[in-house]
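I opened this structure without having seen it before. These are my notes on what I looked up.

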Amino acid sequence: MTDVAANLSRVAATVPEGVTLVAVSKFHPVEALRSAYDAGQRVFAESRAQELAAKAPALPDDIEWHFIGHLQTNKVRSVIPHASLIQSVDSARLLEAISTEAVKQGKIMDVLLEVNVSADGSKTGMSPEDFAALTEGFDAGDYPGVRVRGLMGMATFTDDRAVVRRDFEALRRLFDDLRAGTFAASPCFDTLSMGMSDDRDIAIACGSTMVRVGTDIFGQREY
C-alpha cells in the first residue's frame, strides 16, 4: 500500500517556500486524499468534472480544489461550484463560457491560461498563435466572471532535461511579458503553474510558483 503521508512529506521537503504544492489526486480514491489531508495537504487537483463533483462533498470544506484537465464547455457548470482555480483554460471560447457561467452562479472564477510551448502537438493548451491573439487584445471587461491569475503549461515529454528547461524558460518569458504588459495593472496576475513529479526541480529553478505532483505522492493510478 502506498504510504501517502510519507510520500507527501518527502515531496513537500523539495518544494521551497513561495511555491504552492498541488496534489494531483485524479483517479485516486477518497481514502488516499484523506491520508494526504490528514498529513497537512490542503490543495488538490482533479481533471474530470464528474470526479471533482463526487470527491469535493466527501472531503473537508477547507480543501482548495483546482481543475487541471481539458474542460469541455458543457462541463463548466458542474466545475465552478467546487473549483477555486481552473488551471486549464485553453481557448477564448472556454474562457467566455467560464465567465458567463460564473456570473450566473454569482462567482468570480480564478483561472490560468494554458499555453502549449512544447514540441508535443498532442498536449493540450493554446498554440502560441492562439495565445497571442487572446492576450494581445485582452480586455478584462469582456470576461466579468473570471480573474486571470497567470499561466499554466507542460514541458515536452522527454528525458532531455535541456529541452524541458527550454520549455519552462519559454513559459516564464511569456508570464513575465504579460505581467509587465497586458496584466500590469492586475496585482492578482501572480501564478505560473509548471512542473510535475518528474520535472518540478527544473520548473522551480525556472521560476514556477506552483507545481502539480501526483505520482510522487499517491503512487501509480489505480485505474
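The entries below go from the whole chain to single residues.

**Ground rules.** I am working with a predicted model, in which local features need pLDDT of at least 70, side-chain atom pairs count only at pLDDT 80 or more, and totals for chains, interfaces and linings use all residues. Residues are numbered from 1 along each chain as its sequence is written, and side-chain values use heavy atoms, with hydrogens and water left out.

**Overall build.** I looked up the secondary structure and found nine helices and eight strands in the chain. Helices (H or I, at least four residues) and strands (E, at least two) are DSSP runs, numbered from the N terminus. The radius of gyration is 17 Å, close to the 17 Å that the globule rule gives for 223 residues, so the chain is as compact as a globular protein of that length. That radius is taken over C-alpha atoms, and the rule is 2.2 Å times the number of residues to the power 0.38. Along the principal axes, the C-alpha atoms fill a box of roughly 50 × 45 × 30 Å.

Buried means under 20% relative accessible area, exposed over 50%, and partly exposed in between (1.4 Å probe, protein chains only). Of the contacts (heavy atoms within 4.5 Å) between residues at least 6 apart in sequence, 58% join residues at least 24 apart.

**Charges.** I found 23 positive and 32 negative side chains, with the centres of the two sets 2 Å apart. Lys and Arg count as positive and Asp and Glu as negative, while His and the chain ends are not counted. Each charge is placed at NZ of Lys, CZ of Arg, CG of Asp or CD of Glu.

**Cysteines.** How many disulfides does the structure hold? I found zero disulfides, a disulfide being a pair of cysteine sulfur atoms within 2.5 Å. Cys188 is partly exposed at 26% relative accessible area, whereas Cys206 is buried at 7%.

**Ile98.** This residue lies in helix H5 (residues 92–104). I read a relative accessible area of 0%, so Ile98 is buried. Not counting residues up to four places away in sequence, Ile98 touches Leu71, Val76, Ile80, Ile86, Val89, Met109, Val111 and Val146. Lys75 is 23 residues from Ile98 in sequence and 9.7 Å away, C-alpha to C-alpha.

**Ala155.** I placed Ala155 in the loop between strand E6 (146–152) and helix H7 (161–180). Is Ala155 buried or exposed? Its relative accessibility is 6%, so Ala155 counts as buried. Leaving aside neighbours within four places in sequence, its contacts include Ser118, Lys123 and Asp199.

**Ala133.** Helix H6 (residues 128–136) holds Ala133. I read 57% relative accessible area there, so Ala133 is exposed.

**Phe27.** This residue is in the loop between strand E1 (20–24) and helix H2 (30–38). I noted a positive phi of about 70°, although Phe27 is not a glycine. Most residues other than glycine have a negative phi. Phe27 counts as buried at 9% relative accessibility.

**Asp61.** My last stop was the loop between helix H3 (49–55) and strand E3 (64–67), where Asp61 lies. With 79% relative accessibility, Asp61 counts as exposed. Arg42 is 19 residues from Asp61 along the chain, and their C-alpha atoms are separated by 9.9 Å.
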